[in-house]
Every structure is written in structure tokens, then in C-alpha cells.
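Here is a protein model to look at alongside a few questions. Please keep the structure open while you read, and try each question before you look at its answer.

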Amino acid sequence: MTAIQTTVVLAMTADGKISAVDPRAPRDSDPADQAHLEYQVSLADLILVGAGTIRAEGTTFTIRNPELLAARQVRGQSPQPITCVVSRSLDLPPDIPFFRQDVERWIFTTRTGLERSSDATTLQKQADVIDLGDTDLDWDKAYTLIAKRGIRKVVALGGGSLIAALVQVERIDDWWLTIWPIIYGGQRAPSPVEGEGFAPSAAPQLELVETRQIGSELFLHYRTFKNLSDSAQRKVYSE
């Protein structure tokens, strides 16, 4: 386990899709899954979200349950966790609702992204924009910064490219996966872990530590059991 605990919290269909082929297609929210997500987010000091997820959804997830907000206050946490958007290219529309939400905002990006983005100056006024490398994100540097800011609990909410990067740099300690009783299908529909994939001999392994069932939905809690050992497979997140 790392000093900073990183938990992935994702929901996916029974055929392993985290959204339909069109990520903006409307979907009815499930009360049980929403309550589960809100509880897990309430434990976080910082949320990691890929830029594609923010572009598709327009906003970050926020805690509304009064009991969870009170618990955060007792623990000495801010009302809402920091939301950190991860975008190597800094391709973020500065007019999306996310930038008007009452949350602390970070953006992990690269020097190249800062130099090439026409919105860099505006984004720097709306968030703490953090350069983590020339063209690729340095996750060791990112976690060093996170630790220096006193953050101990990170929750990663996707998408698949971000989760793949965190797997590859061995930063994920545990997973909460919700299985929706529905089939989306589609070759281009995103999955929880994208990137280039792993050979079976090098694939990270998980240990199932808890299961819950509410109606036809399953909530599966895994602990990372086997970390990658081949440093050549440590690839950085790109978007």
C-alpha cells in the first residue's frame, strides 16, 4: 500500500462498459449507486478525473448528503474534496459549468499543453494548473506534490485512460466496481481500463475483499494484489 491511498470508484455495465458509445447519451441515475459513489467521494481529500470525463459531463461530482458533509467537518476536511482534472494537452473548455462550481480545482498538465493551449491563461485563473513534465505526465512528481499538500486519500473516477495510467505506475490500492444489470455493447464504448493493455503474465491481479448486492446491482471491492514489476511497462497517461 502507498502512503497515499488511491481508490478507483467506477460503475460499469455487465459487459464492461463505463458509458455508451456516445458518452453524452442520457442515462437514468440509480439511487443505490449514487449513494455509494457519494459515500466513497466523501472520504476523499482529492478526486482525480480525466479531461474527457469532465468534457462529457460538464461538472464534477459533489457531496450533498448533510451527514456526509458533517462527517467531513469532524475529520477536518473541506466541505468538498479538491477536483483534479488530468489533461496532458490542456484541452479543456473554460466555459463549462465545472469552472463555476464551488470546489477547489487543480489541473495536471504538461509544459507542451500549457504552451499550445489557447485557453491556458484563462484556465490558470480558474484553477491551479500544475505542470508535470515536458510532454508526458510524471506521476511520481504528482504524488510527491499531493503528499506535500497533506492529501492522504485520493479517489479516481475515470475515465479509462486515466485509470490505465494509474495502473501502469502502480498507484492504485483498491477498487470499488459497481456492476449495472444492463448491456451497452459497442466496439468503441469505453471500458474501465484502456491504454495499450497488458500481457496475461504481466496483468495486475486483484483480491476480492467485499461484495454487496442491492437488487440486481453488484458492488465489488477489490484490493490490488499484484503490482507490476517491469518498469518498461510504466507508461504515462496521454490524452
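This is a predicted model: local features need pLDDT of at least 70, side-chain atom pairs count only at pLDDT 80 or more; totals for chains, interfaces and linings use all residues.

**Helix, strand, cores and pocket**

Q: Which residue just after α7 takes a positive phi?

A: The place to look is the stretch that directly follows the helix, where the phi is about 60°. The residue with that positive value is E170.

Q: Which residues point which way from β3?

A: In a regular strand the side chains alternate between the two faces of the sheet. Strand β3 is mostly covered, with five of its five residues buried, and its residues on either side are buried. One way point I82, C84 and V86, and the other way point T83 and V85.

Q: What is the bridge partner of V86 in β4?

A: Strand β3 pairs in the parallel sense with β2 over five bridges, and there V49 has V85 as its partner in β3. Strands β3 and β4 also pair in the parallel sense, over four bridges. In β4, the partner of V86 is F108.

Q: Which residues touch the most other members of the largest nonpolar core?

A: In soluble globular proteins, nonpolar side chains tend to be buried together. The largest nonpolar core here has 34 residues, and β1, β2, β3, β4 (105–109), α6, β6, α7 and β7 each give two or more residues to this core. Apart from it lies another core of 26 residues, including I96 and V103. In the largest core, the residues that touch the most other members are L48, W106, F108 and W139.

Q: Which element gives the largest share of the lining of the largest pocket?

A: The largest pocket has a volume of about 1300 Å³, and of the 45 residues that line it, the closest to its centre are I18, S19, T53, E57 and L157. The elements that give two or more residues to the lining are β1, α1 (31–42), β2, α2 (51–57), α7 and β7. The lining divides into 21 nonpolar, 15 polar and nine charged residues. The largest share, seven residues, comes from α2.

Terms used. Residues are numbered from 1 along each chain as its sequence is written. Side-chain values use heavy atoms; hydrogens and water are left out. A nonpolar core is a set of buried Ala, Val, Leu, Ile, Met, Phe, Trp, Tyr and Cys residues joined through side-chain atoms within 4.5 Å. Buried means under 20% relative accessible area, exposed over 50%, partly exposed in between (1.4 Å probe, protein chains only). On a 1 Å grid over the protein atoms alone, a cavity is a set of points where a 1.4 Å probe fits but cannot get out, and a pocket is an open set with protein on both sides within 12 Å along at least five of seven lines; lining residues have an atom within 4 Å of a point. Grid points are joined across faces, edges and corners, and a volume is the space filled by probe spheres set on the points. Ala, Val, Leu, Ile, Met, Phe, Trp, Tyr, Cys and Pro count as nonpolar, Asp, Glu, Lys and Arg as charged, and the others, Gly among them, as polar. Two strands pair if DSSP finds at least two bridges between them.
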